[in-house]
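Please look over the chains and their helices before reading on. The briefing below covers how they pack.

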Amino acid sequence: MNYLAFGVAAWIFCVGVYGAIVSRNLIHLALCLTVTQSSTYVLLLAIGYKHHAGAPIFKGVKLGTPAVDPVVQSLTLTDIVVSVTVVALVLALAVVAHEHSGTVDPDELASMEG
Amino acid sequence: MRDRHNVRGLLALPAVGGLGALLAWGFSGMPPFGSFHGFYGQLLNAIALPQRHTTNVVTAIVFDYRGFDTMGEEFILFAAVVGVVILMRGDNEQPTMLQRTDRVHSDAIRFFGVTMIGVGVLVGLWLAAFGLVTPGGGFQGGVAIASGIVVLFLSIGYPAWSKLAREEALDPFEGIGAGTYVAVGLAALISGAPFLHNLLGPGTPGTLWSGGSMAIINWGVAMEVAAANLLLYSEFLQRYLGPKE
């Protein structure tokens, strides 16, 4: 139980990477990237978690009350923003690729070069 | 093609399995779940409220202690949106998409949808406004505001959406939002303080008037994130539903 959250993060990461490797569709690939990146949210938040501690927000809570780590939470926020930008760009590339070659399969796209 | 694909899947399995084993090995050496005592986190939890008068420590880190980094993050978003806009506009060869009519005929959906636009935008404004006090912040609020407005497309249809989410209308918000961050930083420099120094003073803890310059940055980010998200939706939707040039 102690390492369950870390195990979940590792599992999500591996599933996402495997999906990206066998992907036959750029939109599917973008979703696999999102899944892979989600594992880092789980990992960061799991690292920062503390037993018997509240959120790092001290509105109505006495200063000095145990709270979970705020640094990893702000890193997670950055992580999510980066993930959104990557997905937006990959999806835009998929749209353009589809219009130029009529396919979103990375293998077929590669074989059309040259 | 099919065979090659299957072979790739088989080849990937041991590699991904090995990666998983490495991760498991690494994680097993970490402090057990729930017993991490990061020095910086504990320190910031103790000093953020006395120093910055913000009750939400996460937002204080994002916009103050790590503010310079967040400026870069904001411009990652900015650059990505510019990239998407350029890509989607790269050539005017029109796709073979049919002109679709997407009028929503159900009154119940229209009524509920219009109500939800107000709710979504209000929740977004609330998240952004109290970002320095309770859970929330400019990034979260901006996304919620944009999501609220996208309901317009979902429940009323593309024509109504395209009147509101025009690029000429959104671009200034995105630019001003991103520029606000830099302007606050430069204002501090000009006055002789370090970049992004809090010129307005910390304010009263637990109120909307807390955080000083952070509050301005917070609203700028909310504006930029909302506009950036709406621009992304607008570009993708226009590609398929917009009038053909």
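This is a predicted model: local features need pLDDT of at least 70, side-chain atom pairs count only at pLDDT 80 or more; totals for chains, interfaces and linings use all residues.

Residues are numbered from 1 along each chain as its sequence is written, while chains are lettered from A and ligands numbered from 1 in the order in which they are written.

**Interface of chains A and B**

- In chain B, 50 residues are in contact with 44 residues of chain A (contact: C-beta atoms, placed from the backbone, within 7 Å).
- On the side of chain B that touches chain A, α1 (2-28), α2 (39-52), α3 (57-65), α4 (67-89) and α9 (213-241) each supply at least two residues (helices are DSSP runs of H or I, at least four residues, numbered from the N terminus).
- α1(B) gives the most to that side, with 11 residues.
- By class, that side of chain B has 30 nonpolar, 15 polar and 5 charged residues (nonpolar: Ala, Val, Leu, Ile, Met, Phe, Trp, Tyr, Cys and Pro; charged: Asp, Glu, Lys and Arg; polar: the others, Gly among them).

**α3(A) against α3(B)**

- Helix α3 (residues 70-101) of chain A packs with α3(B) at about 60°, with axes 9 Å apart (axes are lines fitted to C-alpha atoms over the stretch in contact; angles run from 0 to 180 degrees between N-to-C directions).
- That makes α3(A) oblique to α3(B) (under 35 degrees is roughly parallel, over 145 roughly antiparallel, 65 to 115 roughly perpendicular, the rest oblique).
- Pro70(A), Val71(A), Gln73(A), Ser74(A) and Leu77(A) meet Val57(B), Val58(B), Ile61(B) and Val62(B).

**α8(B) against α9(B)**

- Helix α8 (residues 167-190) of chain B packs with α9(B) at about 150°, with axes 8 Å apart.
- The two helices are therefore roughly antiparallel.
- Residues of α8(B), including Phe173(B) and Glu174(B), meet residues of α9(B), including Ala227(B) and Ala228(B).
- The contact has 14 nonpolar, 5 polar and 3 charged residues.

**Nonpolar core**

- The largest nonpolar core has 70 residues (a core is a set of buried Ala, Val, Leu, Ile, Met, Phe, Trp, Tyr and Cys residues joined through C-beta atoms within 7 Å; buried means 20 or more other C-beta atoms within 10 Å of the residue's own).
- Ile61(B), Val81(B), Val225(B), Ala226(B) and Ala228(B) touch the most other members.
- α9(B) gives the most to this core, with 13 residues.
- Ala228(B) touches Leu77(B), Phe78(B), Val81(B) and Glu174(B), not counting residues up to four places away in sequence.

Methods. Two residues are in contact if their C-beta atoms, placed from the backbone, lie within 7 Å. A residue is buried if 20 or more other C-beta atoms lie within 10 Å of its own, exposed if 12 or fewer, and partly exposed in between; C-beta atoms are placed from the backbone.
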